[in-house]
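Please keep the sequence and the coordinates at hand while reading.

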Amino acid sequence: MSCHSCFIWALFSKHATDPLFVSDVTEDGVTGSSDASGAEQIDLAQLGTILRERRGTLSLRQAAAEVGVSFSTLTRVEAGAQPDLTSFTLICGWLGVSPAQFFMPIAERRVTPMDEVIAHLSADPRLEADAASKIASVLKNMYDVLAKAPTQRPVVACHLRAASALRPGVPHRLNSMLGAMHDKLAERVAAGEL
Amino acid sequence: MTLRRGFKAEAEREAARVRKELDLAPHDRLDPRQLAKHLSIAVVDASDLVDIADLEELERLQAFAFSAATFEIEDRSIIVVNPLRMIGRQNSDIAHELAHVMLKHVLSEIREIDGMPFRTCKPEEEEEATAFGGALLLPRPLLLSAARRQATVDEISQQYEVTTEMARFRYNSTGVAKQLGR
């Protein structure tokens, strides 16, 4: 009847303010997230590619019927969208692959602004090593005092009525928006406004 | 997937009971926001909580990406609805979320796989909420009275402020036309 599906959505404390946070969407449509604790990235582009290859000459409609998901969900997943967990599990089952294979360890680590500043200072020929280190130390202290601490958000759950598959870039934005909604609602409940 | 045996009849009975509590005749329009108030469930526009520009940006990235959500905060259920939707769609979304709450569906399937938050759903509960939400907005007696006066699907959707898809789905799935044709 509608293109909507309801999900239960879990929010986790992954934020751009964390210097080790790696954006969850890369240019090739890979969606995932990582942090300093060694969490992993999910390669949805790979899921789409394998799905397309395995489907071969089978039509999307036939394949969707075999998998047990809707035609639109399968189409979107092939294009790199993030399926809900039920669809993801069904697709992996049909492909005969372990869901774990789509989670890849992170090899990259983003350089923090402070690492970059220290590297520039150390490389400056006008500065003695000791002087560069002193400036770096002052800057580091100021940075530690003035930089905002990463927001630690507890896990939040909500029923979510949303599209059945989300395009690259959407899960991350929706995640942070739902987190903001939850925080604001909690404030209002605490203030007796709701 | 099919609904468990007897669910549709139960949904109609429960919808009739709720309408009675709200002093509505079987053929009256039900405002889901009024029902939410009756059940002490707050309904909040998402634009009251986040910048509307962010909602519009999400809509540009993917139309209909976000419609509604139910949060549970300090044992209270709060429904947040996307104000960018037409009123008919908002009514369906609110009714669907209310159905989840009234059917006592719990948030029990939060999953994390290797650090990745994942959306999960229970397909049977979704189907129940869709069926019950539809019965709340357009119960069978209401559709029967609309069919008697030969109202079209479009007229039903306008009069009762629901989407045409919802009006068509309910009109066809409840078999009222067939009943009158006998």
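Strand β2 (residues 66–73) of chain B is largely enclosed by the rest of the structure, because seven of its eight residues are buried. Buried here means under 20% relative accessible area, exposed means over 50%, and partly exposed lies in between, with a 1.4 Å probe and protein chains only. Helices (H or I, at least four residues) and strands (E, at least two) are DSSP runs, numbered from the N terminus.

The model is predicted: local features need pLDDT of at least 70, side-chain atom pairs count only at pLDDT 80 or more, and totals for chains, interfaces and linings use all residues. Residues are numbered from 1 along each chain as its sequence is written, chains are lettered from A and ligands numbered from 1 in the order in which they are written, and side-chain values use heavy atoms, with hydrogens and water left out.

The partner of β2(B) is strand β3 (residues 76–81) of chain B; the two run antiparallel and are joined by six bridges. Strands are said to pair if DSSP finds at least two bridges between them. Within this pairing, I73(B) stands opposite R76(B) of β3(B).

R85(B) forms a salt bridge with E59(B), with 2.3 Å between the closest N and O atoms. R85(B) lies in the loop between β3 and α4 (87–102) of chain B and E59(B) in helix α3 (residues 52–61) of chain B, so the pair ties together parts that are 26 residues apart in sequence. R85(B) is buried, at a relative accessible area of 5%. The term salt bridge stands for a side-chain nitrogen of Lys or Arg within 4 Å of a carboxyl oxygen of Asp or Glu.

R17(B) is partly exposed at 40% relative accessibility, E21(B) is partly exposed at 40%, and E14(B) is partly exposed at 25%. Elsewhere, a network of salt bridges links R4(B), E10(B) and E128(B). Over all chains, a search of the whole structure finds 16 salt bridges.

Taken as a whole, chain B has nine helices and five strands, in the order α-α-β-α-β-β-α-β-β-α-α-α-α-α from the N terminus on. Of its 182 residues, 51% are buried. Among contacts in chain B with a separation of 6 or more, 66% are between residues 24 or more positions apart, a contact being heavy atoms within 4.5 Å. Its accessible surface comes to about 8,700 Å², of which carbon and sulfur atoms hold 48%; such areas come from the Shrake-Rupley method with a 1.4 Å probe, and for residues only the protein chains shown count as cover.

Chain A comprises seven helices and six strands, and its elements follow the pattern β-β-α-α-α-β-α-β-α-α-β-β-α along the sequence. Buried residues account for 42% of its 194 residues. The accessible surface of chain A is about 9,900 Å², with 55% belonging to carbon and sulfur atoms.

A nonpolar surface patch in chain A consists of V117(A), I135(A), V138(A), L139(A), M142(A), V145(A) and L146(A), with about 620 Å² of accessible area together. Patches are made of residues with over 30% relative accessible area and no salt bridge, like charges being joined within 9 Å and nonpolar side chains (Val, Leu, Ile, Met, Phe, Trp, Tyr) within 5 Å. Helix α6 (residues 129–146) of chain A supplies the largest share, six residues, whereas V117(A) lies in helix α5 (residues 113–123) of chain A.

Confidence remains to be considered. The mean pLDDT of chain A, the predictor's confidence in each residue from 0 to 100, is 73, and 69% of the residues reach 70 or more. By element, the mean is lowest in strand β1 (residues 4–11) of chain A, at 51, and highest in helix α2 (residues 60–67) of chain A, at 93. Over residues 10–40 of chain A, pLDDT stays under 50. Where pLDDT is low, the predicted coordinates should not be read in detail.
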